Amino acid sequence: MQESATKFVPVSKYRFGVPVLTDDGEEGSLDSLIVDGPSRAITGIRARFGFFGRELYTLPITAIRHANPDKVELHVTYDEMKRDYSTVTAATLLAPNTRVIVGNKTIGKLTQVTVNRETHVLRHLVVRSIRGEELVAASSITAIEGRHIVVASGANAPEQTLLPYRPDEALYDEIHAAIFDYPRLRVDLPGIGIRVIDGTLWLQGNVSSDLNTRLVQDQLANIRGLGEIHNELVADTDLASAVAEALSRDPRTARQQIGVYPQLGVINLRGRVRTEEARAAANEIAHSVRGARDVNNALIVDPEAEVIPVLAGVTNQEDRIPGGG
């Protein structure tokens, strides 16, 4: 099974040689990973403990609490590990001596892997090559065989498969700075969610206009180590239209005086409605629209409120331009 990296999901990262910590604080090091070839899933780890790392333990993936490029934390104590996981079983391993082959050419050796935290399926490999550390998408793996991984190459050259690897934190900081340095976008920054994993970026949240949605992505075009950008930002202008349309289609709110004023995804509802039911319905409808982060419901219940059609109204009445007929 191969997994697309286009969807944002929480991940775990395993870097060979980092500390492995038992639940009671004993420290070893990450030796290798056990992988199921057909499913591309990590099923366990091997860790070295003791004097000069002479003790080698095989632990199932369920024994791992947390894994990142700095350390691996276990659920088990050192004594539990010695008692339950001392047997070293035969398995397909990913290790620092695992070669990565692209287009019949060895490009380097494995140094880190990223997996889906829930399914443990591989998402990215980090390979140490003559150019430094580079990323390979696990979706391009064609075979995991013994001590090497075979990866499908780009159409013209193996290098098309690769992307310079930079830690997520470094990319995040540069992306944040690039947006902050553009004055037009700076005021929208509090509404923008930046999520980056192994050179893939998800922009989530809200900006003030559709133009700013495009400008954010343009600002990030030349950042080294940034590959895919998934722009999921919602513009306030689009959000206003979507909420207004939703209100106009619902019979509980269709003939009410409701003004819609988004501010970086927070929907401000103002005006007058005839019933408390209509007020509550407007709140529910606004919350349900994609891109709405929150709703400030300032609607006033007034049984005598009249429909007053206005420009860009949501009343299903004919809109009237001020001064028009």
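**Close-up views of a predicted chain**

**View 1. The whole chain, for orientation.** Of the chain's contacts (heavy atoms within 4.5 Å) between residues at least 6 apart in sequence, 59% join residues at least 24 apart. This is a predicted model, in which local features need pLDDT of at least 70 and side-chain atom pairs count only at pLDDT 80 or more, while totals for chains, interfaces and linings use all residues. Residues are numbered from 1 along each chain as its sequence is written, and side-chain values use heavy atoms, with hydrogens and water left out. You will find 6 helices and 22 strands here; helices (H or I, at least four residues) and strands (E, at least two) are DSSP runs, numbered from the N terminus. Buried residues account for 47% of the 325 in the chain, where buried means under 20% relative accessible area, exposed over 50%, and partly exposed in between (1.4 Å probe, protein chains only). The exposed surface comes to about 16,300 Å², with 49% supplied by carbon and sulfur atoms (Shrake-Rupley method, 1.4 Å probe; for residues, only the protein chains shown count as cover).

View 2. Strand β1 (11–15) is among the elements that supply at least two lining residues each, along with β6 (64–68), α2 (168–180) and β16 (192–197). The largest share, 4 residues, comes from β1. Sorted by class, the lining has 8 nonpolar, 4 polar and 6 charged residues; Ala, Val, Leu, Ile, Met, Phe, Trp, Tyr, Cys and Pro count as nonpolar, Asp, Glu, Lys and Arg as charged, and the others, Gly among them, as polar.

**View 3. Helix α4 and its cover.** In α4 (residues 210–219), the buried residues are Asn212, Thr213, Leu215 and Val216. Their cover includes α2, α3 (183–186), β16, β17 (200–207) and β18 (229–235).

**View 4. Aromatic pairs.** The whole structure has 4 aromatic pairs, counted when ring centres of Phe, Tyr and Trp (its six-membered ring) lie within 6.5 Å; planes under 30 degrees apart are stacked, over 60 edge-to-face and the rest tilted. Phe8 and Trp202 have ring centres 5.3 Å apart and planes at 75°, so this pair is edge-to-face. Phe8 lies in the segment before β1 and Trp202 in strand β17, so the pair ties together parts 194 residues apart in sequence. Phe8 is partly exposed at 27% relative accessibility, whereas Trp202 is buried at 1%. Phe49 and Tyr57 also pair edge-to-face, at 6.0 Å centre to centre and 75° between the planes.

**View 5. Asp36 in strand β3.** Asp36 belongs to β3 (residues 27–36) and is partly exposed, at 32% relative accessibility. Leaving aside residues up to four places away in sequence, Asp36 touches Ala41 and Thr43.
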